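Look at the model below before reading on.

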Amino acid sequence: MAENKRKVGRPAEENPKRSPVTIRLTSNNYSRLKEYSEQHSKTMTQIIMEGIEMVYSKG
């Protein structure tokens, strides 16, 4: 019976996010980031991740 036990909860991600990064922004930059994220219905993290992808795609 113990062989059929499965973990409860979310399935494991293929590439889990385990490396936190902290940045300090000016009030102006923070306001701009927050406003942009609200206008596009995305989180600030999503916007930053998109920016990282843009930098890498430019090569």
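Leaving aside residues up to four places away in sequence, I47 touches L33, Y36, S37 and K42, where a contact means heavy atoms within 4.5 Å. This is a predicted model, in which local features need pLDDT of at least 70 and side-chain atom pairs count only at pLDDT 80 or more, while totals for chains, interfaces and linings use all residues. Residues are numbered from 1 along each chain as its sequence is written, and side-chain values use heavy atoms, with hydrogens and water left out.

I47 lies in helix 2. Helices here are DSSP runs of H or I with at least four residues, strands are runs of E with at least two, and both are numbered from the N terminus. Is I47 buried or exposed? I47 counts as buried because its relative accessibility is 13%; the cut-offs are under 20% relative accessible area for buried, over 50% for exposed, and partly exposed in between, using a 1.4 Å probe and protein chains only.

One of the residues that I47 touches is S37, which has its place in helix 1.

Helix 1 covers residues 27-39 and helix 2 covers residues 44-58; their axes come within 9 Å and cross at roughly 100°. Axes are lines fitted to C-alpha atoms, for helices over the stretch in contact, and angles run from 0 to 180 degrees between N-to-C directions. Helix 1 is therefore roughly perpendicular to helix 2, a term for angles of 65 to 115 degrees. Which residues in helix 1 meet helix 2? They are Y30, L33, K34, Y36 and S37, and on the side of helix 2 they meet M44, I47 and I48.

Now take the whole protein. It has two helices and zero strands. Its C-alpha atoms fill a box of roughly 60 × 30 × 20 Å along the principal axes. The radius of gyration is 18 Å, whereas a compact globule of 59 residues would have one near 10 Å; the radius is taken over C-alpha atoms, and the globule rule is 2.2 Å times the number of residues to the power 0.38. Of the 59 residues, 5% count as buried.

Definitions and conventions. Parallel < 35°, antiparallel > 145°, perpendicular 65-115°, else oblique.
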